[in-house]
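User: I am new to this structure and would like to know what the terms used for it rest on. Please take them one at a time.

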Amino acid sequence: MKKLALLLVLAMLLAFALVACDNDDAATTADGDGEVSYVAVISKGFQHQFWQAVYAGARAAGEEYGVDVSFDGPPSEADIGPQLEMLRSALARNPDAIAFAALDTEAALAELEDAYNRGIPIIGFDSGIPDAPAGQVLATAATDNIAAGAVGADNMFPEIQAAVASATQADPVVIAVLSQDATSESVTGRTQGFAEAMYRLAGGVNDSVSISGGLARINTGDANSAVQIQVVVGATPDIVDMTSAALGILGTPNLVGVFCSNEGAVMGLLATIGAGTVVPDGVILVGFDAGSAQKEAVEQGIMFGSVTQDPFQIGFQSVSLAVRAARGQSVSDVDTGAQWWNSENMHNPDIAILLYD
């Protein structure tokens, strides 16, 4: 009997020890140390140099965290069906987490719900997964477009500061913003970011500044100020309409600067210049994005410089968020930043990788 009692006591002690170990493991996972081995990344494209830079960032994060990372994307951003097949294939491999840039959120609702029901964390990146059901996307790694637009203003302002400071209502200066449309969140965010940052900067040296046109929510009313920030939106995103809008801007009296809020706007501006329109002396042209034509224009001094998203960081941060979410850590949206580039730094390796063609 004594032996039996001793055996029972030992068995109970062993059971308590096993429970304690299980609780320790649970606490470890909750504290963010759970084991993660595989993250699947599905982008909106693959062949474009922008997505290759995203891929490079995702690979770098995989190496840093010691996890396998797969990267898939359809041939073009019109291929919704192929992207969904890639998402389903990733789910079939039972990843620890998925980073996803949806071409069509509604088309992917069934796959998002499947991942959610299976406890597979979903992270959005680039344009993210807009309007996804609540709770199904834990965080997004993307450019803060308002902050990115402000980078353009920060770099243009020193070049035009003297003209802005000396402007009067009788002899005003105009800073134009050329936008491809008034609906795209990325384009309107950059437009707003540039206009509002320039308004603050100009207001520091001149007490008569206004924003007008294009986007009503950032208008300040008085269009007869000494410093006039004018937002111009093309009739359509078509290159013909963007060229026409750019032609009107370059013919504006007292123009001192032009900011183009995406590559489409830059292409309209460059097409206007290529057709023979002369840029007035002293006018500073600043763009956004990259592309071979814009890179050439910056290198030749036609454009002062430009702002680019950071696709490397988009890829890196999306995988970083995915790993942390899979470990049970709380995650939140990350601004992947924007970089200023010009003829002086565009060939530096850390900038060149961001300047997709």
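Analyst: A place to start is strand β6 (residues 173-179) of this predicted model: 7 of its 7 residues are buried, so β6 is largely enclosed by the rest of the structure.

User: Why do the side chains of a regular strand fall into two sets?

Analyst: In a regular strand they alternate between the two faces of the sheet.

User: How do you know that β6 pairs with strand β8 (residues 227-233)?

Analyst: Pairing requires at least two bridges. β6 and β8 are joined by 7, so they count as paired, and they run parallel. Within this pair, V173 stands opposite V227.

User: What makes β6 and strand β9 (residues 255-260) a pair?

Analyst: The requirement is again at least two bridges. β6 and β9 have 5, in the parallel sense, so they qualify. Here V177 stands opposite F259 of β9.

User: How confident is the predictor in the chain?

Analyst: On a scale from 0 to 100, the chain averages a pLDDT of 89, and 89% of the residues score at least 70. Over residues 1-31, however, the pLDDT is below 50. Beyond near neighbours in sequence, that stretch has 7 contacts in the model.

How values were computed:
Residues numbered from 1 in each chain as written. Predicted model: local features only at pLDDT ≥ 70, side-chain atom pairs only at ≥ 80, totals over all residues. Heavy atoms only, no water. Contact = heavy atoms within 4.5 Å. Buried < 20%, exposed > 50% of the residue type's maximum accessible area, 1.4 Å probe, protein only. Helix = DSSP H or I, 4+ residues; strand = E, 2+ residues; numbered from the N terminus.
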